[in-house]
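Welcome, and please open your viewer. We will take a short walk from one selection to the next, with a word on what to look for at each stop.

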Amino acid sequence: MEVTSNTKERDISLAEIEKRVFHYDPHANLTLLSHAYHFSASAHEGQTRQSGEPFLHHPMEVALILTQLKLPLPSIIAGLLHDVLEDTPVTRDQLAAEFGEDVTTLVEGVTKIGQIEFRSLEEKQAENFRKMIVSVAQDVRILLIKLADRLHNMRTLHALSEDKQKRIAQETMEIYAPLANRLGIGWMKAELEDYAFRYLKPDIYHTLIKKSAVGRKERDDYIRSVINEIKKALEENNLAGKVYGRTKNIVGVYQKMIRRGIPFEEVYDLMGIRIITDTRTNCYAILGLIHSLWAPVPDRFRDFIALPKSNLYQSLHTTVAAIDGQHVEIQIRTEEMHRVAEEGIAAHWVYKEGTRFSQKDEKAFAWLRQLIEWQQEIVDTRQFMDSVKTDLFSDLVYVFTPKGDVKELMRGATPIDFAYAIHTAVGNHCVGAKVDGKIVPLGYTLKNGDRIEILTLESHFPSRSWLKLAKTPKAKTKIKYFIRIQERERSLEIGKELLERELKRGRLIPKEVFKSDAIQKIIESLGLHTLEELFIGIGYGKFSAATVIRPLLPEPLIKDGASKGTPNKEAEKGGLKIKGLGDIMMHISKCCNPVPGEPIIGFITRGRGISVHSVHCPNKDNFDYDHDRLVELTWESGAGTSHSVEILVHTIDQPGVLAAVTTVISQANANISRAEVITTAEKKATLQFWIVIRNASHLEQVLNNIEKVEGVLKARRVRKRSVPGEDR
């Protein structure tokens, strides 16, 4: 699917929106809808968008998108009004007086987060999303309006600067497209992905568009032949069914190329076939008929009717070797299943004030309740975002409890994940697991259809090693929380003991000091609030007990060396700034080898000072379970010394590719210190380079330039797992 951005948007009339609403809701109050249109037009009068178009075009487009989802009238009205509180003088009271509390609550929920100071743009974006999740907990319509708002913004992204285009496109690809997928709105997910891909990888996008145009007639003719064969077979067997072809979106094609390591020319199933029938029974009958016509491809059959996805999507998916042996993916579903697949979660309920979802509909919102639980439990905003992204992007596996209930987990999940999915207490006391009656390791990878029984022991508790076994955000969050509590209690005891020992060395009485105003001033000077926080900080190694008590000692004792060092608010080390710490050792972590310019964090280790990591370090599970041991770090301006990094370039094995890649690296002023080439029998190659770069933006420039080379599939930086125990 090619997405287009016109410099001028088409005009949308109120009559068009009214017609669509009336089509699915003949009893809707169109007079109120007209009032909302005129109210929005008046509020936004004179305002224009970056494209130069009148601002009113945006809320009109948002309302039109919402009619595609067949949302009730209050949601359509909220779409027309969603920017009036933020961008016009209209007040909440005015809005409520005109349209009532229901619409006003929706508009408030969609209104962007503003005037909040954050330490970084990344944190602001994460906090913005976090607050959106809290709003959605009150009413899922807010998320649907937000998605419609984002979709139209993506359609008009051409009007913004390149930096804004990339930032918004990245956020769309990471958050909004997966959210649309979780809500079951497949067409919206595909459109969001393709727009985002167009701005994130424009060269690859346009290359794929051009290549897909080549041979399109032949592909269309082929799919038409397959469709005719299926229609003929349905008619001969008296099976009802509408058959039509569907084109896969560009991102889906690109992901298949990367996943299989193949060029575009080897992606044969660019088009698929969908069969819509009348009953669930006929879905399976048609499946049997298709498999009698053509041989099914092994491991490419999925039954989402018996085991629906979490968004209640249902369909049979199979891939067959059709005419001439070409692979064709076929989806089979009923009319009702198709409606759910197109409209998503909106197809399951009609919102009325005071009503609740049915038990079936509640299942579709289980993942949303999980997000709410995470946002309450996870302190660190970036960690929350990582958990959300992991959950949204994960493929699913379906397993059974001993009673036969189905549990849905991300692919790659283990018995530990299953235990925490049952209950936190079950996870915390898990000692083993049985799959289909046989004992399995806690690191066993669950498979579809496994029946799992968790063995527990009240005296057993989670260990840090579980973080390497757990895969789901929920399990990791629960394990980290338990470990954090344990570490905090242990550090409190150690810190108090160290401080008391140092006070006694200084001939001071600990009990008296702990009650004094002097110790409170020291606590405040370190940016803390309580004596307990001071104990914990000393126990972790954030502060030296000797340094802390120095202001309390008489001058003769200081000269005698009873306590050395002074607490500083900021220390600097080798191009890095550390806030809130005194003199302390620091080293760049070998596992992720952060370079100047990329976001970093520090983790206080035992006996080795601060370990400096990239926020994208693959070893985050080793240290982000304990927020108290993290410290804020920033690069010094001008810290641009040379750094060596390892990169991998996946290519097609053809003459000239290696030379072209090395030339591009050289032209970007990056020196190659070492290179290795590995080829495979499938005519693929992996080029491994160690290059010397200045900073993170220099590295990004090199990788982007490499990916533009003809024959290159993907270029990425290598980050490694750390040595066990490095960050303890």
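## First stop: a buried pair

Select R717, which is buried, with a relative accessible area of 13%. R717 and E598 form a salt bridge, and their closest N and O atoms are 2.9 Å apart. A salt bridge here is a side-chain nitrogen of Lys or Arg within 4 Å of a carboxyl oxygen of Asp or Glu. Side chains of opposite charge can pair when their charged atoms come close. This pair links distant parts of the chain, 119 residues apart: R717 sits in strand 21 (residues 712-717), and E598 in the loop between strand 14 (586-588) and strand 15 (600-604). Helices (H or I, at least four residues) and strands (E, at least two) are DSSP runs, numbered from the N terminus.

Before moving on, keep in mind that this is a predicted model, where local features need pLDDT of at least 70 and side-chain atom pairs count only at pLDDT 80 or more, while totals for chains, interfaces and linings use all residues. Residues are numbered from 1 along each chain as its sequence is written, and side-chain values use heavy atoms, with hydrogens and water left out.

## Stay in the loop

Select N593, in the loop between strand 14 and strand 15. N593 has a phi near 45°, a positive value in a residue other than glycine. Its relative accessible area is 23%, so N593 is partly exposed.

## Two helices side by side

Next, select helix 28 (residues 657-667) and helix 29 (residues 696-707), whose axes come within 9 Å and cross at roughly 150°. That makes helix 28 roughly antiparallel to helix 29. (Angles under 35 degrees count as roughly parallel, over 145 as roughly antiparallel, 65 to 115 as roughly perpendicular and the rest as oblique. Axes are lines fitted to C-alpha atoms, for helices over the stretch in contact, and angles run from 0 to 180 degrees between N-to-C directions.)

Which residues make the contact? Show V661, V664 and I665 of helix 28 together with V702, N705 and I706 of helix 29; contact means heavy atoms within 4.5 Å.

Then select N669, in the loop between helix 28 and strand 19 (671-679). N669 has a positive phi of about 60° although it is not a glycine, and at 60% relative accessibility it counts as exposed.

Pick E191 and R155, a salt bridge whose closest N and O atoms are 2.7 Å apart. E191 belongs to helix 10 (residues 186-200) and R155 to helix 8 (residues 141-155), 36 residues apart. E191 is buried, with a relative accessible area of 12%.

## Last look

Select K19 in helix 1 (residues 14-24), exposed at 66%. Finally, zoom out: the protein has 29 helices and 21 strands, 17 salt bridges, and 728 residues, of which 51% are buried.

Note on methods. Buried means under 20% relative accessible area, exposed over 50%, partly exposed in between (1.4 Å probe, protein chains only).
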